[in-house]
Amino acid sequence: MANKNISMAVIRRLPKYYRYLGDLLDKDIHRISSKELSDIIGFTASQIRQDLNNFGGFGQQGYGYNVEALYSEIGKILGLDNAYNTILIGAGNLGQAIANYGGFKKAGFEIKALFDANPRMIGLKIRDFEILDSEDVEEFVQKNNINIAILCIPKNGAQEMVNRLVKVGIKGIWNFASIDLEVPKDVIVENVNLTESLFTLSYLMKESE
C-alpha cells in the first residue's frame, strides 16, 4: 500500500497506468509485460517496474502482469473502491461541463448537488440537478455526508467558500479557482489551473520550433 515516502511523481503516474490498463481490458488483453506496457504508455520498462514495486510485487518474471489484477489493485491504491459524495460550487460554463461528464460517477465520485451565488442561476436545472443557493451549502454538506467539493468559482470568493466548507467537514477540494488555497493539514486540495497548463503548452511549442 501507499505510504508517505512515495514521491508525488509516482503517485501522479498511477492514474495513467489505471487508464491504460482499463483500455487493455476493453481490448480483451489480460496479460502484458513491462516492455509491452512501456511501448504503450511511454515510460521505460524500468520506470514502470520501479513505480509498481513501491506498492508491492504485482508482476511475475517470465509472465509479466495480469492486467485485470493490476487494474484492480491500482484502483484500490487510488482509493477508487471507495464512494465519494461530492458537491459542485459554481454552475457557470466550466461547472456545467463538469456536471455533465458521466465518468465521475462510474469512478465512485457522485455529484449530489450544484450550488451557485447568482440569483439568476438558482432554481435552474443542469441534468438532474436543480441549482441550489450557495448560502445553503453548509446545511447540505452536514445532512448528506459530503466528502469532496469541486470549486468552479472566481478566485475572489474562493478562500471564503473553502473556509466555510472546511468548518462543516469537507476533507477534499478539487480546485479550479486560480488561487492557492489555505487549508488545515487534514484537508487535501488538488489544484487544476487551466491557464498554467496552457502556458506550459505554449512554452513546449516555443521550444520545439
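Modeller: Gladly, and let me start with the word "touches": contact means heavy atoms within 4.5 Å. Bear in mind throughout that this is a predicted model.

Colleague: Which residues does Leu 165 touch, then, not counting residues up to four places away in sequence?

Modeller: With those neighbours set aside, Leu 165 touches Ile 87, Ile 89, Val 137, Val 141, Ala 149, Leu 151 and Ile 170. Leu 165 is also listed, together with Ile 87, Ile 89, Val 137, Val 141 and Leu 151, among the residues that touch the most other members of the largest nonpolar core, which has 21 residues. The elements that give two or more residues to this core include strand 3 (84-89), helix 7 (137-143) and helix 8 (155-167), and helix 8 supplies the largest share, four residues.

Colleague: Why is Ile 29 called partly exposed?

Modeller: Buried means under 20% relative accessible area and exposed means over 50%; Ile 29 has a relative accessible area of 31%, so Ile 29 is partly exposed. Ile 29 lies in the loop between helix 1 (8-26) and strand 1 (31-32).

Colleague: How far apart are Ile 29 and Val 67 in sequence and in space?

Modeller: They are 38 residues apart in sequence and 7.2 Å apart in space, C-alpha to C-alpha, and Ile 29 touches Val 67 as well as Leu 24, again not counting residues up to four places away in sequence.

Colleague: Which residues form a nonpolar patch on the surface?

Modeller: Leu 198, Phe 199, Leu 201 and Met 205 form one, with about 440 Å² of accessible area together, and Met 205 is found in helix 9 (residues 194-208).

How values were computed
Residues are numbered from 1 along each chain as its sequence is written. This is a predicted model: local features need pLDDT of at least 70, side-chain atom pairs count only at pLDDT 80 or more; totals for chains, interfaces and linings use all residues. Side-chain values use heavy atoms; hydrogens and water are left out. Patches are made of residues with over 30% relative accessible area and no salt bridge: like charges are joined within 9 Å, nonpolar side chains (Val, Leu, Ile, Met, Phe, Trp, Tyr) within 5 Å. Accessible areas come from the Shrake-Rupley method with a 1.4 Å probe; for residues, only the protein chains shown count as cover. A salt bridge is a side-chain nitrogen of Lys or Arg within 4 Å of a carboxyl oxygen of Asp or Glu. A nonpolar core is a set of buried Ala, Val, Leu, Ile, Met, Phe, Trp, Tyr and Cys residues joined through side-chain atoms within 4.5 Å. Buried means under 20% relative accessible area, exposed over 50%, partly exposed in between (1.4 Å probe, protein chains only).
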